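My entries follow in the order of the look-ups.

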Amino acid sequence: MPAPYQSPDYYQLDELLTDEQRMARDTVRDWVGERVLPVIARHYQACTFPSDLIPEMAQLGLFGTTLPERYGCAAMDHVSSGLVMQELERGDSALRSFASVQSSLVMFPIHAYGSEEQKDRWLPLLAKGAAVGCFGLTEPDAGSDPGSMKTRAARRGDGWVLNGAKMWITNGTVADVAVVWARTDEGIRGFLVEKGTPGFSAPEMKGKLSLRASVTSELVFEDCAVPESSRLPLALGLRAPLSCLNQARYGIAWGAVGAASACYDEALRYARERIMFDGPIARFQLVQDKLVWMLSEITKAQLLVWRLGALKDAGKLKHTQVSLAKMNCVWMARECARMARDIEGANGILDEYCAMRHMQNLESVYTYEGTHDVHKLVVGADITGFEAFRAPVKPTSSN
Ligand SMILES: Cc1cc2nc3c(=O)[nH]c(=O)nc-3n(C[C@H](O)[C@H](O)[C@H](O)COP(=O)(O)OP(=O)(O)OC[C@H]3O[C@@H](n4cnc5c(N)ncnc54)[C@H](O)[C@@H]3O)c2cc1C
């Protein structure tokens with residue numbers, strides 16, 4: 001019987017949490033240990049999401065965690081919600097991605113920008129896991145620059161007609177409702193497009209070597225007619241989808257700490273038990289160097305996300321602070337996963353260990369919801385006052 005997971009807490013950060021926050025964290029931690037870890041490697045290998053866990057996630061209040069109870073949500077504070085994401089990603093980034101999309105990218109925009117009818121219809125269903133949602137912003141030719149999207153919504157009679165394609169959409173194939181962002185004559189607008197709407201299809205993308213336990217899809221719109229009542233009435237311009245991404249990135253920063261902690265715990269255990277040159281490899285300075293680096297970066301990241309949560313709960317959080325956290329925490333987790341895999345030697349490439357799975361997942365997490373470098377530019381622009389997103393397109397004369 002393997003020893004139970006020991007989350008790194010070198011600076012007694014547990015003491016910073018309230019009883020409720022600890023309870024939310026421990027409940028999800030236990031659930032991940034009992035229900036996710038025994039099956040996740042199989043799902044990862046088979047490229048399937050463990051969809052039988054969706055009702056259990058709903059039961060635990062993991063969808064729309066911070067939204068009001070009147071919609072069936074848990075109305076948690078933001079630190080609790082972050083801790084939930086941390087524990088989910090300790091299991092696998094696919095679980096955290098599922099919860100992030102459902103909560104931050106589907107329920108949040110419906111709550112923030114939807115009509116009362118849209119909220120009353122969709123939020124209780126999404127909270128119960130009786131409906132799954134997805135968020136369609138990225139396109140084949142519009143990734144880091146979503147403002148260049150080509151998907152169009154044109155007015156026809158009392159409604160709208162959508163044409164275009166989205167790509168890399170988490171949960172697209174399984175979603176009952178897609179939050180779709182499209183260009184209109186009045187600017188970018190958001191629409192709720194239901195599964196089965198004529199002219200709408202969502203084929204699954206195959207061949208991923210990362211986030212294999214998550215469903216990723218294209219969304220295709222060919223003269224797809226939707227009523228005016230499907231438009232999110234308060235979502236005006238690109239700021240609306242960007243505000244959703246900001247919510248999700250907050251959870252990603254916390255989630256990355258969970259993935260890193262899983263890798264550190266596994267590598268530390270392994271180093272103590274693996275005998276080479278007549279004793280445990282943990283006695284070698286070079287191995288200790290890696291373990292101490294991991295612990296040190298995890299501890300800094302734990303403090304960072306805790307403060308991020310406190311600022312969010314106080315209503316003082318700036319989106320640039322979220323960018324810095326997403327950038328730092330995911331980079332840190334990616335490095336930890338690589339070091340853990342290294343410490344575990346050849347065994348580290350096996351799916352019975354978590355390090356390689358996290359390492360591969362974190363490649364996606366490093367890129368999605370704003371790439372590492374794009375967040376660097378966001379923070380760079382904030383501190384210098386100069387935006388560096390656009391460089392001259394014309395080559396210099398020497399080229
Ligand atoms: C598994 C997975 C799930 C996803 N789920 C969703 C989803 O549910 N919904 C959704 O809408 N999208 C989703 N995405 C898409 C994701 O958000 C995009 O991949 C991301 O925004 C980056 O876009 P891109 O892949 O087109 O990269 P590009 O924008 O083409 O970037 C390529 C490289 O160029 C760099 N670069 C780009 N612009 C600049 C610049 N100005 N300065 C310096 N460097 C730059 C980037 O940092 C990167 O290194 C998902 C992606 C993955 C991998």
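I began with threonine 138, which has a polar side-chain atom 2.7 Å from a nitrogen atom of the ligand; I took a polar contact as a pair of N or O atoms within 3.5 Å. For threonine 371, I noted a side-chain N or O atom 2.7 Å from an oxygen atom of the ligand. The protein covers 67% of the 980 Å² of accessible area that the ligand has on its own, areas being from the Shrake-Rupley method with a 1.4 Å probe.

Entry, basis. The model is predicted: local features need pLDDT of at least 70, side-chain atom pairs count only at pLDDT 80 or more, and totals for chains, interfaces and linings use all residues. Residues are numbered from 1 along each chain as its sequence is written, and side-chain values use heavy atoms, with hydrogens and water left out.

Entry, shell. I found 17 residues around the ligand, with Thr138, Ser144, Trp168, Thr371 and Phe389 the closest; a residue counts as near if one of its heavy atoms lies within 4 Å. By class, I recorded eight nonpolar, seven polar and two charged residues. The largest share of the shell, three residues, comes from β3 (strands are DSSP E runs of at least two residues, helices H or I runs of at least four).

Entry, surface. I looked up tyrosine 11 in the segment before α1 (19–46) and found this residue exposed, at 55% relative accessible area (exposed means over 50%).

Technical notes
Buried < 20%, exposed > 50% of the residue type's maximum accessible area, 1.4 Å probe, protein only. Polar contact = N/O pair within 3.5 Å; in protein donor to acceptor, adjacent residues only side chain to side chain. Nonpolar A, V, L, I, M, F, W, Y, C, P; charged D, E, K, R; others polar.
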